[in-house]
Amino acid sequence: MNGPTKSTISKTTKLLLAPKTTRYQSLLKHYGASQSLTRTIQLHAHLITSGLLSIDIRSVLVATYAHCGYVHNARKLFDVLPQRGTLLYNFMIKMYIAKGDYFEAMKVFLEMLGSKDCCPDNYTYPFVIKACSELLLVEYGRVLHGLTLVSKFGSHLFVLNSLLAMYMNCGEVEEARKVFDAMKEKSVVSWNTMINGYFKNGFANTALVVFNQMVDSGVEIDGASVVSVLPACGYLKELEVGRRVHGLVEEKVLGKKIVSNALVDMYAKCGSMDEARLVFDNMVERDVVSWTSMINGYILNGDAKSALSLFKIMQIEGLRPNSVTIALILLACASLNNLKDGRCLHGWVMKQRLYSEVAVETSLIDMYAKCNCLGLSFSVFTRTSRKKTVPWNAMLSGFAHNKLATEAIGLFKKMLMEGVEINAATCNSLLPAYGILADLQPVNNINSYLMRSGFVSNIQVATSLVDIYSKCGSLESAHKIFNTIPVDVQDICVWSIIIAGYGMHGHGETAVLLFKQMVQSGVKPNDVTFTSILQSCSHAGLVDDGLDLFKFMLKDHQTIPNDDHYTCMVDLLGRAGRMDEAYDLIKTMPFMPGHAVWGALLGACVMHENVELGEVAAKWLFELEPDNTGNYVLLAKLYAALGRWEDAENVRQRMDDIGLRKAPARSMIGVGTVNW
DNA sequence: GTAGGGTTAG
């Protein structure tokens, strides 16, 4: 062991020469700094027995206990001190903040305001503002903001930064912006708070803009800056921007683990698993979050298998998964219908005491339900605490997924009776059940509940309602709900549903009208909307409208039509008897037409007794799906309709040759069409 | 002694 150094000798010597109380005070400060609770308690006891507990010593003891996080003793001593300076109040507030007891922190602050001998300073405000932020007490936060303005700390950087964070955390983006713009001096923390705040409040684009401004204005970015901006890149799938940020990370050597984790997540969310993997593989040290982010990436990109195998490697490497990892892996099992691994994981989770985590319970309920093991799902559910909303939601969607509508609705009623908090996700899990029932009365009941409770203002809830009403055939009610959605909230989803609703029920004209309204309101149609509108035209026989829309799709939207779109168009033209146009369209297709396209043509040929093109379509169909009996039957039907019995017989022979005619053919083509 | 940062979920 080395002997005491020169400096410690002189310190110790000084201490020995000092009066006893000063020595104890120094000792306590030392204990506070090193958070030695046991020693503090021992010294406290010694001070009591030796009668040395002066007011000064008691003050230091409060600070020491506060630093050690021993709330009970700190509070007891603090309460009986005759004089409490700002510093001591600050220590108490800081202690409560560190413990996450924001309410108590606020109480101490209020005491401080009421005391005559001290007032808050630039250290106090950031703490209490954080407390407001965590408690979402924005009104109180505003009062604090006012207090800082009348004090001399209104322009203190730390105070302002904490105000920014508070406003952002409470969703007061504008207010944060005002404070930010008025700041004479900004630090990297100010910028980071804005970037992160914008993203968390749903303004991912603005987050990117602010980040760019920050870089342009020459502020030296740090790890927190990139960790704040990368989620926005991932969310917006801005791969190029993400890559540039990655470049900055390498340039500034921000090689922290958390930064790499954020990069992995960004690449994964942008769909570039190769780059995610590269960052992951190059990491010197990986933690649970690194592995979990990769696993999440594979799941997001539809590769649940790789997610599972990475999870296995993770365990081989000795890393312990947390509840997030487990929740994800269970999700992967659910999507793969992999009951075996799911059950295995269930057992492991029980042993690891991760079971009681809500996310894990919920994922288990979900996994079993998706693997169609509703019994197991329900037995996990019955063992949950039953107070939290999420497992109920998972059970609701489990029932709905297994088409057990009545059970889902029953469970929801139970939820109401047991006083479990209902949220928008609950409604979204429940509503598909009503779609399965397709019975108007219960739908009206739930609708009035959703109106009263205000959940209809949630766009997904409203969308579900529109969907259910149109499934029930009540287009009027569907449209009524649709109209309650503010125009700027109506998204492509709800538009597609209402349009498809009208189309499905043969109101092609209305569907087309709505489609035009949608485009006018600035909502960009996507693949699905185009398919549904073209189908609507086809069903209603609106040939010209369909052709116009198809042209519109090509020209104005520069959407490359897919197989579904061509199928709709061929169907549309074919039904109208415009066979040659249909065939010409097929010939212009930029990719190989699929069976659906040829099927539509063949169907139309049968309808209009066009053998020439029917034979062409059938030839392709026999090649593309040689085992589909339907195609042979259709061709035979076409021949038979024209009295070409010999050809019909040849088709039958061909079916026999490839061993297709196992079932009696009559049932397939309708009675009496062809006599085999 | 003070401010900002990562993975999941129904």
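Good morning. The model is a predicted one, in which local features need pLDDT of at least 70, side-chain atom pairs count only at pLDDT 80 or more, and totals for chains, interfaces and linings use all residues. Residues are numbered from 1 along each chain as its sequence is written, chains are lettered from A and ligands numbered from 1 in the order in which they are written, and side-chain values use heavy atoms, with hydrogens and water left out.

Let me stay with this pair. The axes of α29 (residues 475-484) and α30 (residues 492-504) come within 11 Å and cross at roughly 160°. Axes are lines fitted to C-alpha atoms, for helices over the stretch in contact, and angles run from 0 to 180 degrees between N-to-C directions. The two helices, α29 and α30, are therefore roughly antiparallel, a term for angles over 145 degrees. On the α29 side the contact is made by L475, A478, H479 and F482, and on the α30 side by V494, W495, I498, G501 and Y502; contact means heavy atoms within 4.5 Å. These residues divide into seven nonpolar, two polar and no charged. Ala, Val, Leu, Ile, Met, Phe, Trp, Tyr, Cys and Pro count as nonpolar, Asp, Glu, Lys and Arg as charged, and the others, Gly among them, as polar.

I turn to α18 (residues 288-300) and α19 (residues 304-316), whose axes come within 7 Å and cross at roughly 160°. This crossing of α18 and α19 is right-handed. Among the contact residues are W291 and Y298 of α18, and L310 and F311 of α19. By class, the contact has 12 nonpolar, one polar and no charged residues.

Finally, the largest pocket. It holds about 380 Å³ of space, the volume being that filled by probe spheres set on grid points joined across faces, edges and corners. A pocket is an open set of points on a 1 Å grid over the protein atoms alone, where a 1.4 Å probe fits, with protein on both sides within 12 Å along at least five of seven lines; lining residues have an atom within 4 Å of a point. Of its 19 lining residues, H246, E250, S260, V279 and N282 lie nearest the centre. Helix α16 gives the most to this lining, with five residues; helices (H or I, at least four residues) are DSSP runs, numbered from the N terminus. The lining comprises 10 nonpolar, four polar and five charged residues.

Definitions and conventions
Parallel < 35°, antiparallel > 145°, perpendicular 65-115°, else oblique. Left-handed = near helix turned anticlockwise from the far one by under 90°.
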